[in-house]
Amino acid sequence: MRSPIVVMGVSGSGKSTVGAALAQRLRVPFADADDFHPAENIAKMSAGEPLDDDDRRPWLESIGVWLAEHADGGVMSCSALKRHYRDHLRDHAPTTLFAHLAGSVEVISRRQASRPGHFMPPALLASQFETLEQLTPDECGLTVDVDQSVDAIIDELVEALSRGSDLDAEEN
């Protein structure tokens, strides 16, 4: 049995690109969490205001429902920056695996600069890094360095998945 996978990280880490490519490689459905934001959230972020937990609650609920509906396999790109956000998603789909796309502020800033017109302004990157809580050893997942090609990232993820869905602290 496959598990749903959440490709997580700060804005500009490549979640959507990597998530879509991973879903294609695994031949499972893909969804981008950005598409689940209510209009109010997008307006707030576009204005340079970070979301708070109240803003994120209905958004996370919708993502959790999608993951539960794809419990036998699907890939979702989602920031999932805080542990309790990931816990909420696991409440819906307990076998969810998390692939954290990690990189330095410099690498992520460079990536963000190449995305003109995205609703998440680069000015909010600092708040994303401040909010980010790394995967912990008891969370099922792994961390991948984003300062490499998308193909290399996908190869690393697929290799880890092929070793079994029991990704543990050794991967984090």
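The chain has seven helices and five strands, where helices (H or I, at least four residues) and strands (E, at least two) are DSSP runs numbered from the N terminus. This is a predicted model, so to speak of local features we need pLDDT of at least 70, side-chain atom pairs count only at pLDDT 80 or more, and totals for chains, interfaces and linings use all residues. Residues are numbered from 1 along each chain as its sequence is written, and side-chain values use heavy atoms, with hydrogens and water left out.

**View 1. The whole chain, end to end.** Starting at the N terminus, the elements run β-α-β-α-α-β-α-β-α-α-β-α. Of the 172 residues in the chain, 45% are buried (buried means under 20% relative accessible area, exposed over 50%, partly exposed in between, with a 1.4 Å probe and protein chains only). Take the contacts (heavy atoms within 4.5 Å) between residues at least 6 apart in sequence: 77% of them join residues at least 24 apart.

**View 2. The open sheet.** The five strands line up as β2-β3-β1-β4-β5, with parallel pairing; two strands count as paired if DSSP finds at least two bridges between them. At the edges sit β2 (30-32) and β5 (141-145), each pairing on one side only. From one strand to the next, the twist averages 20°. Angles here run from 0 to 180 degrees between N-to-C directions, and the axes are lines fitted to C-alpha atoms, for helices over the stretch in contact.

**View 3. Strand β4 and its partners.** Four bridges join β1 to β4, and five join β4 (residues 97-102) to β5. His-100 is a handy landmark: its bridge partners include Met-8 and, in β5, Thr-143. Phe-98, meanwhile, stands opposite Gly-141 in β5. β4 is mostly covered, with six of its six residues buried. Leu-97, Ala-99 and Leu-101 point one way from the strand, while Phe-98, His-100 and Ala-102 point the other way.

**View 4. Helices α1 and α3 against the strands.** Helix α1 (residues 15-26) packs on the sheet and touches β1 (4-8), β2, β3 (74-77) and β4. Its direction makes about 155° with that of β1. Helix α3 (residues 53-69) lies across β1, β2 and β3, and runs at about 165° to β3.

**View 5. Arg-56, an arginine under cover.** Arg-56 lies in helix α3. At 11% relative accessibility, this residue counts as buried. Skip its neighbours within four places in sequence, and Arg-56 is in contact with Leu-51 and Tyr-85.

View 6. Ile-153, Ile-154, Leu-157 and Ala-160 are buried. These four cover an arc of only 130° around the axis, so they sit on the same side of α7 (the arc is that of the directions from the helix axis to the C-beta atoms). On the other side, Asp-151 and Ser-162 are exposed. What covers the buried residues includes α1, β4 and β5.

**View 7. Confidence, and the stretch to read with care.** The chain averages a pLDDT of 87, and 86% of the residues score at least 70; pLDDT is the predictor's confidence in each residue, from 0 to 100. Over residues 168-172 pLDDT stays under 50, and the model has 15 contacts for them beyond four places in sequence.
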